[in-house]
Amino acid sequence: MTTFVILRSLKTWLLVLTKTTVHDCPVIHLPQIQTEAGGITSLNGNINIPFSIKRIYYLYDVPGGAERGGHAHQCLHQLIVAGSGSFDVLIDDGLNKKVVSLNRPYHGLLVVPGIWRELLNFSSGAICLVLASELYSEGDYLRDYNLFRDLKSK
Ligand code: TYD
């Protein structure tokens, strides 16, 4: 019974990982509260974004010309927001590639598991805010592009 459950979970995991495409990664228009003194965007897990938030991290002081990312995740869902400034996110499902420009703090790119991403063209002072569905785990990363392509072609 336990073996059966483990095998079924493994199959589900492999199906999710291999079948996701760039079309599963929409830009979500986040709620905005406008006041005379500026805007507020409040994000509630499982309400405004389709996962519960376990971790938040942000990239800053990115030198001109630097590129970040260059990996995919096996289980992690993320919402990527330009908290300040702008940058491009290249998403790739092994077959299709798409470049999404983020430059508004109320636009969030949802990146589902099994999508290769690269972040580039950071403006000076840009802050890339990332809401993540899981705690940090190096074991969740796929950092070898050829291995990623092989997995996606299964
Ligand atoms: P990585 O995710 O590869 O950075 P990026 O995709 O932005 O280029 O992470 C860079 C380093 O930071 C790596 O050594 C792992 C570490 N790290 C953590 O310790 N915790 C975290 O939550 C994240 C995102 C990274």
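User: Where in the chain is Asn46 placed, and what makes that place a loop between two strands?

Analyst: Asn46 lies in the loop between strand S3 (38–40) and strand S4 (55–59). Helices (H or I, at least four residues) and strands (E, at least two) are DSSP runs, numbered from the N terminus. The model is predicted: local features need pLDDT of at least 70 and side-chain atom pairs count only at pLDDT 80 or more, while totals for chains, interfaces and linings use all residues. Residues are numbered from 1 along each chain as its sequence is written, and side-chain values use heavy atoms, with hydrogens and water left out.

User: Why is Asn46 called exposed?

Analyst: Buried means under 20% relative accessible area, exposed over 50%, and partly exposed in between (1.4 Å probe, protein chains only). Asn46 has 54% relative accessibility and therefore counts as exposed.

User: Which elements does the chain contain, and in what order?

Analyst: The chain has two helices and twelve strands. From the N terminus on, the order is α-β-β-β-β-β-β-β-β-β-β-β-β-α.

User: How do you know that the radius of gyration agrees with a compact globule?

Analyst: The radius is taken over C-alpha atoms, and the globule rule is 2.2 Å times the number of residues to the power 0.38. For 154 residues a compact globule would have a radius near 15 Å; the chain has 17 Å, which agrees. The C-alpha trace spans about 60 × 35 × 25 Å along its principal axes.

User: What share of the chain is buried, and what does its surface consist of?

Analyst: Of the 154 residues, 37% count as buried. The chain exposes about 8,900 Å², of which carbon and sulfur atoms supply 56%. Areas come from the Shrake-Rupley method with a 1.4 Å probe; for residues, only the protein chains shown count as cover.

User: Why is His71 called buried, and what does it touch?

Analyst: At 9% relative accessibility, His71 counts as buried. His71 belongs to strand S5 (residues 68–73). Contact means heavy atoms within 4.5 Å. Leaving aside neighbours within four places in sequence, His71 is in contact with Ile115, Trp116, Arg117, Tyr141, Leu142 and Arg143. Across the chain, residues 24 or more positions apart account for 78% of the contacts with a separation of 6 or more.

User: What makes a group of residues a nonpolar core, and which residues touch the most other members of the largest one?

Analyst: A nonpolar core is a set of buried Ala, Val, Leu, Ile, Met, Phe, Trp, Tyr and Cys residues joined through side-chain atoms within 4.5 Å. In the largest core, with 28 residues, Leu79, Phe87 and Ile91 touch the most other members. Strand S6 (78–84), strand S7 (87–92), strand S8 (97–102), strand S9 (107–111) and strand S11 (127–132) each supply at least two residues of this core, and S6 gives the most, with four. A second, separate core of six residues includes Leu17, Trp116, Leu142 and Leu151. In soluble globular proteins, nonpolar side chains tend to be buried together.

User: Why are Arg104 and Ala66 called partly exposed?

Analyst: Arg104 has 37% relative accessibility, so it counts as partly exposed. Ala66 counts as partly exposed because its relative accessibility is 23%. Arg104 is in the loop between S8 and S9, whereas Ala66 is in the loop between S4 and S5. Leaving aside neighbours within four places in sequence, Arg104 is in contact with Val81 and Ala82, and Ala66 with Leu119, Leu120 and Phe122.

User: How many residues separate Arg104 and Val81 in sequence, and how far apart are they in space?

Analyst: Arg104 and Val81 are 23 residues apart in sequence and 7.6 Å apart in space, C-alpha to C-alpha.
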